[in-house]
Amino acid sequence: MEDDKLKDLFQQFRPKLSSEADFMARLQQNLDMEELIKRQASAQRVRNRQAVVVAALVGFVVGFLFSMALPYFSDLATVFCAALPIGATFHALAELARVLTYLLVGAVSVLCAKNAYDIMLALQHDVVE
Amino acid sequence: MNREQFITYVEATQQAFRRFLVALCCGDSQLADDMAQESLMKAYLSCDGLKDVRKFKSWLYRIGYNTFVNSRRSQHLMVDDVRAENVLSKEASDDAFRYEELYAALQVLPDKERTALLLFYMENYSVKEIADIVDAKQDAVRQHLSRGRAHLRNLLKQ
């Protein structure tokens, strides 16, 4: 019996709600915004991916070109070290010349790749705006 | 589920869903509307994960309940203040006046008891369905219902 009273109470509960049209219009507006954000996020992901690909290519090409020129750089480094006043330290440096050259090539490639990534993103940003 | 289908399902369920949230928010229809919008956005974003569209309504109620619980957790003090203001400011409103007693009683009930009662009596969900919605065991839901009934009867008698 008591249970029926509670049931009736809640079944007859009809609070005044805001306009259904307004509520649905607000929902549609929120969905539009959500889809816009999703589209923009998706486009941004594509742009990032493109920039990464370009950066990797640039890094690879720069690294390849510098590697091709490596013998020339190594000779230059050896000549440079030999031309310096004689000293045990400089001889040791000459031994390390090859390693240092590799490191330098690597650093230049990374730097170029990073710059290419930044430039690509900046260019895409300008295009979007 | 595409957007048109989602809107169709929402149109069919939104009134009952909003009524449930109004009762859950103890008459604060503004807060309930905000919560309904938030729940529907969450539902839209995850509707691809809904395998059985026949369960759309109970799935939506589950999202609504979780949104309510999260909102209570994050803004516990603020919600209480806002609710108190709303109860006062709506005294003049016919609707608030009509259900003033019920809202006051629901406000005293713990969230779990209130939710179980509303789902059981307003939406006619079974204990099992309520357990799915609130992510609790059936025994726990039975207990919430039993305690909630007793509390509500006492409060309404007073």
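I count a residue as buried when its relative accessible area is under 20%. I keep that cut-off at hand throughout, since the model is a predicted one.

**Entry 1: Ser39(B)**

I looked up Ser39(B) first. I found Ser39(B) in helix α2 of chain B. Is Ser39(B) buried or exposed? Its relative accessibility is 0%, so Ser39(B) counts as buried. Next I asked what its side chain meets. The side chain of Ser39(B) makes a polar contact with the side chain of Thr67(B), at 3.3 Å. I then set aside the neighbours within four places in sequence. What remains in contact with Ser39(B) is Phe17(B), Ile63(B), Gly64(B) and Thr67(B).

**Entry 2: Cys25(B)**

I moved to the loop between α1 and α2 of chain B, where Cys25(B) lies. Cys25(B) has a relative accessible area of 0%, so I log this residue as buried. Cys25(B) and Tyr103(B) are 78 residues apart along the chain, and 8.6 Å separates their C-alpha atoms.

**Entry 3: helix α8 of chain B**

I listed the buried residues of α8(B), which spans residues 127–134. They are Val127(B), Ile130(B), Ala131(B), Ile133(B) and Val134(B). Why do they lie on the same side of α8(B)? They cover an arc of only 165 degrees around the axis, and that puts them on the same side of the helix. I then asked what covers them. The cover includes α3 (56–74), α7 and α9 of chain B. I also noted the residue just after the helix. Asp135(B) takes a positive phi there, of about 55 degrees.

**Entry 4: chain A**

I turned to the partner chain. Chain A has 4 helices and 0 strands. Read from the N terminus, the order of its elements is α-α-α-α. Chain A has 129 residues, and 22% of them count as buried. I checked the contacts in chain A with a separation of 6 or more. Residues 24 or more positions apart account for 82% of these.

**Entry 5: the interface of chain B and chain A**

I counted the residues on each side. On chain B, 33 residues are in contact with 27 residues of chain A. The area buried between the two chains is about 3200 Å². Carbon and sulfur atoms give 62% of that area.

I find 3 salt bridges between chain B and chain A. One salt bridge joins Glu35(A) to Arg3(B), with the closest N and O atoms 3.1 Å apart.

I then sorted the chain B side by element. Those that give two or more residues are α1 (3–24), α2 (29–46), α5 (94–98), α6 (100–108), α7 (111–122) and α9 (138–157) of chain B. α1(B) gives the most, with 11 residues. By class, the chain B side has 19 nonpolar, 4 polar and 10 charged residues.

Methods: Residues numbered from 1 in each chain as written. Chains lettered and ligands numbered in written order. Predicted model: local features only at pLDDT ≥ 70, side-chain atom pairs only at ≥ 80, totals over all residues. Heavy atoms only, no water. Contact = heavy atoms within 4.5 Å. Buried area = accessible area lost by both parts, 1.4 Å probe. Salt bridge = Lys/Arg side-chain N within 4 Å of Asp/Glu carboxyl O. Nonpolar A, V, L, I, M, F, W, Y, C, P; charged D, E, K, R; others polar. Buried < 20%, exposed > 50% of the residue type's maximum accessible area, 1.4 Å probe, protein only. Arc of directions from axis to C-beta. Polar contact = N/O pair within 3.5 Å; in protein donor to acceptor, adjacent residues only side chain to side chain.
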